[in-house]
Amino acid sequence: DTTPPIATREHTVDGFVREFLRELNFGQGVDLTRASANDKYLAMARTVRHYLMTRWLSTLRRQGQLQAKSVAYLSAEFLLGRQLDNALLAADLQDIVREGLASLGIDLDELREEEVEPGLGNGGLGRLAACFIDSLATMNVPCIGYGIRYEYGIFRQTFVDGWQVEKPDDWLRLGSPWEFPHPESAVTVSFGGSVEQYQDDDGVVKRRWVPGWSVQGVPYNYMVPGYENGRVNTLRLWSAQATRAFDLQIFNAGDYAEAVRAQTFAENISKVLYPEDSTPQGKELRLQQQYFFVACSIKDFVDQVLPEDFDLHDLPERIVFQLNDTHPVIAVPELMRVLVDEKGWDWADAWSVTQRCFAYTCHTLLPEALEVWPVDLLGRLLPRHLEIIYRINDEFLAELREAYPDDELRVRRMSIIAEYPVRAVRMAYLATVAGTKVNGVAALHSQLLRDKVLDDFAGYWPDKFTNVTNGVTPRRFLRLSNPGLSTLVTEAIGDGWVTDLDQLRGLEPLADDAEFRRRFREVKHANKLRIADVLAHRDGITVDPDTMFDVMVKRLHEYKRQTLKLLHIVSLYEKVSTGKLAIGDVTPRTFAFGAKAAPGYVMAKQIIGLINAVGATINEDPALEGRLRVAFPANYNVTLAETLIPAADLSEQISLAGKEASGTGNMKFMLNGALTIGTDDGANVEIRELVGDENFFLFGLDEPQVAELVDRGYHPSAYYETNVDLRHALDLIASGAFSGGDRTVFEPIVSNLLNEDRFLALADFQAYVDAQAKVDAAYADPEAWTRSAVLNVARGGFFSSDRSMRDYIDRIWHTPPVPPA
Ligand code: 26Q
């Protein structure tokens, strides 16, 4: 063997302590007595990453030898959460590091709190990408994640008088020990300019792009370690920098200020994550971000990852670009441009290869969330790409006209170019036309995609459409986030579940074991104490661990219906405070919310204000002490989810049926032993099928009923008029009871519900309240409740993202695992 050696590290407490002190002294330049908490954290993190480095290098080396097919997961978001715990787990270093640090008088748990999570995503879609790359690494599948290294991630949410105020997320301020910048491997990406006609060497007339300006993409690599399997995949995030040539030119012209301005302009591209996760506005900078990371990634794969002599005709055997929603779809015309304009290929050859290289995942059903880019904007920023899109569309429409000679209406409906209200590119259609496969993210969602959103396409290409139900990584969301339950489960069935979550089925018999149930309750109680401590220190909120924890955490959206839960709370409060209900008859509950609103989403911010106002009123009422409490910690993020979800008794998944594509929080709750109260929506459908009706609180209209009601004409005020409880709750809000008597503050919410109520909260109110009564009744029997909770865990194995990855591999990617050397 002539391969050069790779450094290894001693997997012992002493070995770790030596490495740690070396990092502290030589890396941070401090000795132990003078080291700040951040010094110690950085030194520890760097030491831990060194332990993974051997595996990373050998993974890369082996990849180079084998040339196996890889997944390139293209995503504008990777919501990673903190890295330290996951790295410790993957490298099997948890005990060694704890002990080693303790021998130096350092508490690991204190240092862990130093880490600022990289919040490079909005919510579900970004977190899904992070779960998927974790699973692929653990399953030994070659994968490279490609995205953007935003300098500012999702904003930090604060409350001022109960209203959301956004603060920049300066996550890089103290440095990130988990990234490896490679400025020497920067690539150039161009924008703007025009397209020119020219004759090639054979006299053939061709067109090519003459760009107007360009920036550099600097790759930052992150380790994606598999769980104790020796594999470390790569996440490559791109950071925008001004090109040096551009700079120098202007500097030499003597215009220093202009040069600096140009630099700022270029670097703006990766400056900040857009905080909208629906109803995207067509902002030019957003399109710049999308093209920037996608062009960097394709160039990187073609020029750096593939060997020099690679024949690009074989590209589909080496790569599949998975498009995480439409955000990276501009990759399709970019690959065409590279093959046709740069490599000189025929259009047909290029299209044949391109079509086999892409697959598209859709994450929504809301029509307003479907991305479209006006052609004037796209044509200004990427003129050659627009031409390529037009040609793709022309050929597609010609093909359709042959298939449907007498149906011009259908052909126009299917056009990638929308004509109204402005000429615009429908990115979902482009992705559907270009991809080998299109998938939805839960069974119901995929069905609705076929039947409603993309029905014409499903009619034309029935085999293109498939479902892959989402999943979550059991490493982060059970093994790490719930050590108490993990230990209990491992004692019962061994630890194979960590990489084979179906093994949780082995817990089913233990649902009937009184001693197991007692210990299960003990774990839940300890988890409540843990979150109570966090909320007290983090937010100054006190909660009672002896109450039911009823939790709704997700982005704030009208379709998710935080207001429905709020109406339930207000109704309870109204009944108690008017004496219609004795406080002694109310099940003691802690209602926990976590939710960020997009900064420009006025109604969502109002709802946050109302939740906090209702919370303040209830929490200040001495009569409700120990009975009802509202806890709304600010800045819900992955880190908070990891302590909040394991403490939950009840999981709120109450979106209007047909609106939530999947949901993934619902899966995390199930796996941590919460029961779900939910509508027949997204993955709730599959959760209920698996856990059984008797262990799930289903309520509300289903999707066909919603469609029918809306068709008939929905009149929310009718529900207000006929339902006394609902009327009293709405009237109480309208009266100013939660706004110091000011009736104007929450008037927009009330009148929206009464007059429009796009998401049918009033229609589902009574069903929801009735289901909550069933929750109370069930909770009154702790043994039966715990039995259901255990069954939720036992039957949740399907929701491992390892299973999602298996499905993607079997149905879409066909990327065999590469066992370790
Ligand atoms: C697009 C263009 C411009 C600006 C922003 C955006 C944008 C950004 C983020 C649009 C959408 C998102 C995020 C969407 C999202 O998180 N969707 C959720 O995806 C989950 C994973 O599949 C599902 O479980 C959820 O149901 C779905 O809402």
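Modeller: Helix α22 (residues 562–577) packs against helix α31 (residues 761–779) at an angle of about 60°, their axes 10 Å apart. Helices here are DSSP runs of H or I, at least four residues, numbered from the N terminus. Axes are lines fitted to C-alpha atoms over the stretch in contact, with angles from 0 to 180 degrees between N-to-C directions.

Modeller: This is a predicted model, so local features need pLDDT of at least 70, side-chain atom pairs count only at pLDDT 80 or more, and totals for chains, interfaces and linings use all residues. Residues are numbered from 1 along each chain as its sequence is written.

Colleague: How are α22 and α31 oriented to each other?

Modeller: α22 and α31 are oblique to each other, because angles under 35 degrees count as roughly parallel, over 145 as roughly antiparallel, 65 to 115 as roughly perpendicular and the rest as oblique.

Colleague: Which residues of α22 and α31 make the contact?

Modeller: From α22, Thr563, Leu564, Leu567, His568 and Ser571; from α31, Ala761, Asp764, Phe765, Tyr768, Val769 and Gln772. Contact means C-beta atoms, placed from the backbone, within 7 Å.

Colleague: New topic: what about α11 and α14?

Modeller: Helix α11 (residues 331–342) and helix α14 (residues 383–403) pack at about 100°, with axes 9 Å apart. They are therefore roughly perpendicular to each other.

Colleague: And which residues make that contact?

Modeller: Pro333, Glu334, Met336 and Arg337 of α11 meet Arg384, His385, Ile388 and Ile389 of α14.

Colleague: What does Ile133 touch?

Modeller: Not counting residues up to four places away in sequence, Ile133 touches Tyr73, Cys143, Gly145, Val224, Asn233 and Leu235.

How values were computed:
Helix = DSSP H or I, 4+ residues; strand = E, 2+ residues; numbered from the N terminus. Contact = placed C-beta atoms within 7 Å.
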